Amino acid sequence: MSNPSLLILPGDGIGREVMAEVRRIIDWFGANRGLTFDVSEDLVGGAAYDAHGVPLHDDTMAKAQEVDAVLLGAVGGPAYDDLDFSVKPERGLLRLRKEMDLFANLRPAQCFDALADFSSLKTDIVSGLDIMIVRELTSGVYFGEPRGIFMEDNMRVGVNTQRYTEAEIERGARAAFELAMKRDKRLCSMEKANVMESGILWRDVVTEVSKDYPEVALSHMYADNGAMQLVRAPKQFDVIYTDNLFGDILSDCAAMLTGSLGMLPSASLGAPMENGRPKALYEPVHGSAPDIAGQGKANPSACILSFAMALRYSFDQGAEADRLEQAVQDVLADGVRTADLMQADGGTPVSTSEMGDAVLAKLDASL
Ligand code: IPM
Ligand code: MG
């Protein structure tokens, strides 16, 4: 059998620095665990725009469709702020999500013990936190038509459309229920059924799907209340299922509960391919952080943990995913910290590559 294939798209800003550490981790698994991947690398976002005038070249899109999994760093930066909307770096990422049909975006928010006092919330509210947000990723207001800026009565009008079919709501819901079955069997669905028809349909469809998962306790919450509950008492949640836009916002909120965006991975999954593996793209939740890009300050943990998710969800290597996640936790427990995780009064931060070194040393020690 040939090796599983990975397409690496480091993108822009700190995406390149953190991905360099992930490549070392991938090599480690090849050398020490017999997990060898065929790795190729390409451009996305501003880097692709600079080379090709588009944020994602058609050849890169075609490659992404062929590989077993895509690992992406981050896209965007101030140099691209004034570009036409159609070629902005973010369009490259959105094209990947849409054309690969990655409808289920898994965003875990886990508070590592060593970082519990890092959160802006009180330690007892976040310690032990482990929630999974499942965000619908290929529909809703991000893609709905009509959209645009139009003239009406001599005035510009900005239009976006929130649109969901029941099939779209259902397939994401199934992904969320399946995850809940492997966790604490609690699912909270969030929408705005009090003001949006798409929210009423959302609630209906999720309730119908729940009949196939009688063991899962389903609850519904308006998304604004959900935002409030996430900062009031986040441990009440196990799995949250929500739409594309609410999921974008709520996942940033949940991320910060854990202390740093620099820790949070994500997986975007689609339908199974011929080989049984889901179409998949893995990326850190953080952005390209232009303010610190190129300085070796970025925390590679989120990107490393995204590779751990790839091991788990694409390659059925749960034990190796555990090994990698444990290595990151052990490094943190030793007090090794990148700049994003420094308290005002505390110590000297390590660089991006020193953080990579520390994780590799823990992996060595795990053998
Ligand atoms: C995210 C990001 C993206 C989104 C941007 C970069 C297009 O915020 O993945 O959460 O809005 O989905
Ligand atoms: Mg976002």
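**Domain interface and nonpolar cores**

Between domain 1 and domain 2, the count is one salt bridge. In this predicted model, the side chains of Asp-101 and Arg-171 meet in a salt bridge with an N to O distance of 2.9 Å. Polar contacts between domain 1 and domain 2 amount to seven residue pairs. On the side of domain 1 that touches domain 2, the elements giving two or more residues are helix 4 (89–99) and strand 4 (104–110); strand 4 gives the most, with seven residues.

The domain assignment places residues 1–110 + 264–367 in domain 1 and residues 130–257 in domain 2. The centres of the two domains, taken over C-alpha atoms, are separated by 25 Å. Contact involves 19 residues of domain 1 and 21 residues of domain 2. The two domains bury about 1,800 Å² between them, with 61% of this area on carbon and sulfur atoms. Within domain 1, the most area is lost to domain 2 by Phe-103, Arg-107 and Ala-109, which together account for 34% of what that side buries.

The largest nonpolar core comprises 66 residues, of which Leu-71, Phe-307 and Leu-324 touch the most other members. At least three residues of this core come from each of domain 1 and domain 2. A second, separate core contains 18 residues, including Cys-111, Met-190, Leu-230 and Ile-240.

Asp-12 lies in the loop between strand 1 (5–11) and helix 1 (14–33). With a relative accessible area of 2%, under the 20% limit, Asp-12 is therefore classed as buried. The side chain of Asp-12 reaches the backbone nitrogen of Ala-47 at 2.8 Å. Residues touched by Asp-12 also include Val-44, Pro-89 and Ser-288.

Key:
Residues numbered from 1 in each chain as written. Chains lettered and ligands numbered in written order. Predicted model: local features only at pLDDT ≥ 70, side-chain atom pairs only at ≥ 80, totals over all residues. Heavy atoms only, no water. Core = buried A, V, L, I, M, F, W, Y, C linked by side-chain atoms within 4.5 Å. Buried < 20%, exposed > 50% of the residue type's maximum accessible area, 1.4 Å probe, protein only. Domains from an automatic or database assignment. Helix = DSSP H or I, 4+ residues; strand = E, 2+ residues; numbered from the N terminus. Polar contact = N/O pair within 3.5 Å; in protein donor to acceptor, adjacent residues only side chain to side chain. Contact = heavy atoms within 4.5 Å. Buried area = accessible area lost by both parts, 1.4 Å probe. Salt bridge = Lys/Arg side-chain N within 4 Å of Asp/Glu carboxyl O. Lists of a residue's contacts leave out its neighbours within four places in sequence.
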